[in-house]
Amino acid sequence: MNYLKDIILTFSNEERKKFITYLDSKNKRNDAKNIKLFNLLLKDNLSASDICSKLYGSQKKDAYHALRKRLHQSVIDFTANQSLHQESSTDMQIIKCILASKSFLQQRQYKIAYKTLDKAHMLATEYQHYPLLNEIYHIKIQYAFANPNIKLDALISEFKNNQKQLFLEDELNLVYAKIRQTLNDISFKGKVIDFQTLWQTTLKEHHIDINDALSFKSLYQLITIASISAFITKDYLKIEPFLISTYKSINAYKGKNKQLYYHILILFAIANALFRNKKFKESLYYINLMHEHMLMNKSKHYNTFKLKHSLLLALNLNYSNKQLLAINTLIPFVNKKHPDTEAWLDICLSLIVFYFQKNDLDNAKKLFTKFYHTDTYYTEKAGKEWVIKKNLIEILLHIELNNIDLVESRLLSFKRQHTQYLKHINQERVLIYLSFVETYYKNPELATTKAFKDNVENSFDWIKSHKEDIFVMSFYCWLKSKMNNTNLFETTLHLVKKAQQELTIP
């Protein structure tokens, strides 16, 4: 378990310097080894045994584990202090005003008490802090008799409206939790669920109206739920207007910089939806915005999001006919560990696809050797869909490398593992596609015949290119390139361009 290493890898350079200073201030002995351990953990390829030897000159495992435990506690203390200092200053200011006003009220200093409460009220309203607003209203109503300027009925009405907002925020949090759990069941456990029905039923059950005004965090949760819906249905066009209009409302919110983490996540969600809709220029705009926000607050969240940002940037570049730049964007990450395992796996698989489209089969094969765990492991880390993509690209790669025996075994394995699941989620077209792949590898000469092309044409329920998932499209382009005897990457770009042209047609 490398929880400690995972945590410190998320520290920005500024936070690493501050943490070393923090450790130094705590150390009472000159021979303390906590700073040395911290620096060793930042290195990529050192095992616990290696680190232990460097620290003590021998395998003093008990001393090493005790040191790790102390460093882990220091990381927790430092992180908590940083969060209190950086993110809760407004909350603390509101709480101080509430506490002070209570004291003033008990001393019957009503005028200064209400002036202090009004200040707290203004800040809590600006930052949409409904729980603290609830407390402020409670105090104002309790002591309304002491303020002749108070209009009690209007104050009670405001209090009840705030309670509705607080309840709505709590309910949406419950909806978010249920939908996220469902996503895990679908993506990571392979369960078959009618997501659209669940989406509508859950919103209705919790009385959620997406047109209601919500806090910044809640709006992020709503965007996430919408993105999950698009992920399941592969219909990102349907949610795109909602994502962008919701972001505009968030961007007008004065407290947006206070919740920078959620702001970055929202920008990523929008950029991803635009990429999936083949709107690369628009996606890059939001990717650049995402990067700008990653650099805010002294790059506080930069390390957390750098893999996701680079992955989405590279995908846009690749399908915008900037293949070499896309490849060079991802290469620096493949040999470095990162706590975001899912993003790292996505980067490796995407880079394999880029190499494959470039016909750089040696590098694609070399990178594939990094996937040495079982499919069960990868399902837990990256999801069922990722495993299916990995297995498909592996079959195509072995065909191109003429590894006939491996192709046969991988085909049998794929059918055994995924046939039932694909049928349950109404994705039989993957199995149909695989049957054509199998036909090609056994009899390549058939691919260019009219009979084969007609069979392909009649075997799928085709949808418009602009509505088709870009990753599904990429797999189909391999087959299309074999049928037309054309370059794979050029074939892919041609179909993407056709999809983009369809988007411009009213």
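## Basis

Residues are numbered from 1 along each chain as its sequence is written, and side-chain values use heavy atoms, with hydrogens and water left out. In this predicted model, local features need pLDDT of at least 70 and side-chain atom pairs count only at pLDDT 80 or more, while totals for chains, interfaces and linings use all residues.

## Nonpolar cores

The largest nonpolar core holds 107 residues. Such a core is a set of buried Ala, Val, Leu, Ile, Met, Phe, Trp, Tyr and Cys residues joined through side-chain atoms within 4.5 Å. Buried means under 20% relative accessible area, exposed over 50%, and partly exposed in between (1.4 Å probe, protein chains only). Tyr286, Phe371, Phe414 and Trp478 have the most contacts inside this core. Helix H13 (residues 260–276) gives the core its largest share, twelve residues. Helices here are DSSP runs (H or I, at least four residues), numbered from the N terminus.

A separate core has 20 residues, among them Cys97, Ala120, Leu123 and Leu132. In soluble globular proteins, nonpolar side chains tend to be buried together.

Trp478 touches, among others, Phe356, Leu396, Tyr433 and Leu488, not counting residues up to four places away in sequence. Contact means heavy atoms within 4.5 Å.

Ser481 sits in helix H25 (residues 470–484). Its relative accessible area is 4%, so Ser481 is buried. The Ser481 side chain reaches the backbone oxygen of Trp478 at 2.6 Å. Leaving aside neighbours within four places in sequence, Ser481 contacts Thr486, Asn487, Leu488 and Thr491.

## Ser310

Ser310 belongs to helix H16 (residues 302–318). Ser310 is buried because its relative accessible area is 10%. Its side chain reaches the backbone oxygen of Lys306 at 2.9 Å.

Beyond four places in sequence, Ser310 touches Thr329, Leu330 and Phe333. The C-alpha atoms of Ser310 and His291 are separated by 9.5 Å, with the two residues 19 apart along the chain.

## Surface patch

Met92, Ile95 and Leu99 make a nonpolar surface patch of about 250 Å². Patch residues have over 30% relative accessible area and no salt bridge; nonpolar side chains (Val, Leu, Ile, Met, Phe, Trp, Tyr) are joined within 5 Å, like charges within 9 Å. A salt bridge is a side-chain nitrogen of Lys or Arg within 4 Å of a carboxyl oxygen of Asp or Glu.

Met92 lies in helix H6 (residues 89–106). With a relative accessible area of 38%, Met92 is partly exposed.

Methods: Helix = DSSP H or I, 4+ residues; strand = E, 2+ residues; numbered from the N terminus. Polar contact = N/O pair within 3.5 Å; in protein donor to acceptor, adjacent residues only side chain to side chain. Areas by Shrake-Rupley, 256 points an atom, 1.4 Å probe, with all protein chains shown as cover.
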